[in-house]
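The sequence and structure come first.

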2 protein chains.
Amino acid sequence: MKILMIGTGGVGEAAAVIASKRDPKGSWLELMVLANRTLERAQKVSARIGDPRFPAEQVDGRNREEVKALIDKYQVDLLFNACDPSLNESLFDVAYECNIHYMDMALSLAVPHPTDPYNKTNIKMGDYQFAKHEDWEKKGLLALVGIGIDPGAVNVFARYAQKHFFDEIDEISIKDGGNLTAEGYDITFGFSIWTTIDECLNPPYKWEKDKGIYTVEPFSEPELFTFPDGIGEQELVNVEHEEMVMLPRYMGDAAKKMSFKYGLGSDFITMLKNLRALGLDDKHGTVKGTNLSPRDVVSMVAPNPVDVADKIKGKCCVGTQVTGKKDGLERKVFIYQTTDNEEIMARIGSGCVVGQTAFNPIMALELLAKGVWSGKGVLGPECFDPDPYIKLSDEYDYYMGVMEMESEYKKMLDKKALLSSMA
Amino acid sequence: MKILMIGTGGVGEAAAVIASKRDPKGSWLELMVLANRTLERAQKVSARIGDPRFPAEQVDGRNREEVKALIDKYQVDLLFNACDPSLNESLFDVAYECNIHYMDMALSLAVPHPTDPYNKTNIKMGDYQFAKHEDWEKKGLLALVGIGIDPGAVNVFARYAQKHFFDEIDEISIKDGGNLTAEGYDITFGFSIWTTIDECLNPPYKWEKDKGIYTVEPFSEPELFTFPDGIGEQELVNVEHEEMVMLPRYMGDAAKKMSFKYGLGSDFITMLKNLRALGLDDKHGTVKGTNLSPRDVVSMVAPNPVDVADKIKGKCCVGTQVTGKKDGLERKVFIYQTTDNEEIMARIGSGCVVGQTAFNPIMALELLAKGVWSGKGVLGPECFDPDPYIKLSDEYDYYMGVMEMESEYKKMLDKKALLSSMA
């Protein structure tokens, strides 16, 4: 498979490193063009990988003609969008126009309701892309959207839970947390600052079978959740996230309600509220004398997640908590992925959240290239068989596990584990 | 097997009920004489059971001749001591003199060091009994001591963990907790008040490989521990308990350190400290004009655990936490027994802590009667093969389970559980 990856920021770089290590002999990865707004950055990544299948190119992702020219030049099969999601609509359309497949790690952005954002939805995440599902289907093309860690792996987890762990699902709740700290920094962005602001300040979604998708106040419904691997208890709050539009679309018949909760920490929430109070979260207006929005400026000025990465200590953990019934017993599981910052730095030279995200598009690419996963239209990871994905994570040494949480079912398992261990 | 049970208090009654239900046709239980200080109480229990194998008798357990007369009358094989442990020494000796086996649920009592109780041990729990091990061995008799829930089942758990879950043990720590509350009572004793005061106000033991058994301050080293089955997090403190002399005696080569921690709650600790401050914990002096110690009076006056039992709500959970290594990975497990008060009341008409205790001597009796467990000398439950005991708990529908706690090993298991569930 020949791929044009646009964006060689943190995740793009990590994805390329993972891909070249995974398939050094090109059994399924023929080419991965590394295209970036600044050529220097793309060249740096290309040089680091030192593999002729990863050439560097300069491209302005917002300029459709430049992107099309690269697609033509390399005759690629798939455009892999590794940019901020603000470029999603444009790159998604270019791939369609050029008759190639498309992949990204987050959906097209939401536009909150202009006057009543916490009671009414307006343009939701992914609306732009999902509206074109049938067009893609007709052309026999696949747009695999939202294949990072969350959204992405967590969607696979939801499907996997449905397939193997439950007869009946009550709630699917995505939980995103960690215990990252950066020496010398009071506030740490583990991920794209721009995206973090976006998902944290927009009205969060929830979903219920009878109500459909609805919005609630940012940072609402705080709950305590204990993450595994020594991360421990964290306060999680509602945050806008793609899963809340993706999962109901494909799995809405399987569950009664869905939520996404993020462990931000109160210091971080205060900081975000201050940004909003100061108008620094604005992504539409431009700062006088520039063509940058205030939020663009924040992204540029604040410590860059890529630069801070080697000063960060701790882990991040993202997973899917599912509650429901199995064999007539109440059950609760948390299927999760944990990444340790120091370990992932040593392994691929990328930080925790970035590395944790980047494994997923490459695993998906491998499944698509090998024909294990296939599909037509605009689909999320929840639309595919989760088994080969989970199996592949083991081959990538990308840790995934399932934690049985307290329930009638776990009590039964604890008993079984005790009794069977003497066998 | 023919048994003389002395003491038809809460645990004695529950034990008799469990035994008669378990073996209604007398396949191993030929006779269980119910002897008690007050005949009325023994008759009440006998009538409730309504089984001619359970005759009622009056006996003063402190009067050796009376006990011997009953042993003679019924030609019993075993004396089952279901009294307060203050009778242990006497009943233990009577059984020996009469050439029959003996069983109790707690060791002979400690006498703290008269001047330096928190730095020096003096007469420890069980010293009186264990000193006579060889005498019993020579006679070919068994004294199975400390076979309740803790000590008792938890000792079996320690052995089971060593046998099946670890290559190498660092620490064995018994944890005793619950979330019992009694409507209309501010303070609840779930168990014999006399024993509770004794174990809570004496200097607690700990054990380390290099130091042996040593004493620490009561209520010292508070730690937070999360019990399963919805009980949740509790503060546990050091409390004097039999396991800290039993386990090192037989399993001292297997571990580096051992501790016993009890979840008392701060209200309960304050109440105990008040009793001590007022001299009401004293078990040696007598209250003027009576032959009762102040502690006896407290036991008589305070709400009786048997009477309060049907007003109690909640669960108690006791288990053995073991940390160490398995297959080169750090591992931590909690093998536990949980009993729900309402469930056990409905099932055997006894409260939580009482019912939780009473299953264990009956299970042990069955194993002894059937020859599955056998031994000579003064032995604790940790000296026997744990497997048939764990297996039998399932036949008794007496819930036991193992909870994998956070560790490298659990992470490996979580991964395996995820991967294998698609098979």
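Across the interface of domain 1 of chain A and domain 2 of chain A there are 2 salt bridges. In a salt bridge, the side chains of A:Asp387 and A:Lys163 meet at 3.1 Å, N to O. The model is predicted.

**Domains of chain A**

The domain assignment divides chain A into domain 1 (2–148 + 356–389) and domain 2 (153–351 + 399–415). UniProt, in an unreviewed entry, lists residues 3–144 of chain A as "domain: Saccharopine dehydrogenase NADP binding". That span, residues 3–144 of chain A, is 39% helix and 16% strand, and its end C-alpha atoms lie 14 Å apart.

**Between the domains**

Taken over C-alpha atoms, the centres of domain 1 of chain A and domain 2 of chain A are separated by 21 Å. The residues of domain 1 of chain A that lose the most area to domain 2 of chain A are A:Tyr118, A:Gln356 and A:Glu382, together 25% of what that side buries.

The rule also finds 14 residue pairs in polar contact across this domain interface, both residues at pLDDT 80 or more. On the side of domain 1 of chain A that touches domain 2 of chain A, at least two residues each come from helix H1 (10–22), helix H14 (352–369), strand E17 (377–379) and helix H15 (386–395) of chain A. H1(A) gives the most to that side, with 6 residues. By class, the residues there are 26 nonpolar, 11 polar and 8 charged.

**Between the chains**

The following table sets out the two interfaces.

| Interface | Residues in contact | Buried area | Share on carbon and sulfur atoms |
|---|---|---|---|
| Domain 1 of chain A and domain 2 of chain A | 45 residues and 45 residues | about 3500 Å² | 61% |
| Chain A and chain B | 29 residues and 29 residues | about 2700 Å² | 58% |

A:Lys411, A:Leu418 and A:Met422 supply 26% of the area that chain A buries against chain B, more than any other three residues. A:Lys411 also meets B:Asp229 in a side-chain salt bridge (3.8 Å, N to O). The rule finds 4 salt bridges across the interface of chain A and chain B, and 20 residue pairs are in polar contact between these chains, both residues at pLDDT 80 or more.

Two or more residues of the side of chain A that touches chain B come from each of helix H7 (153–164), strand E16 (329–340), H15, strand E18 (401–404) and helix H16 (408–420) of chain A. H16(A) gives the most to that side, with 7 residues. The side of chain A that touches chain B has 15 nonpolar, 4 polar and 10 charged residues.

Terms used: Residues numbered from 1 in each chain as written. Chains lettered and ligands numbered in written order. Predicted model: local features only at pLDDT ≥ 70, side-chain atom pairs only at ≥ 80, totals over all residues. Heavy atoms only, no water. UniProt positions renumbered as here; feature names shortened; annotations may be inferred. Helix = DSSP H or I, 4+ residues; strand = E, 2+ residues; numbered from the N terminus. Domains from an automatic or database assignment. Contact = heavy atoms within 4.5 Å. Buried area = accessible area lost by both parts, 1.4 Å probe. Polar contact = N/O pair within 3.5 Å; in protein donor to acceptor, adjacent residues only side chain to side chain. Nonpolar A, V, L, I, M, F, W, Y, C, P; charged D, E, K, R; others polar.
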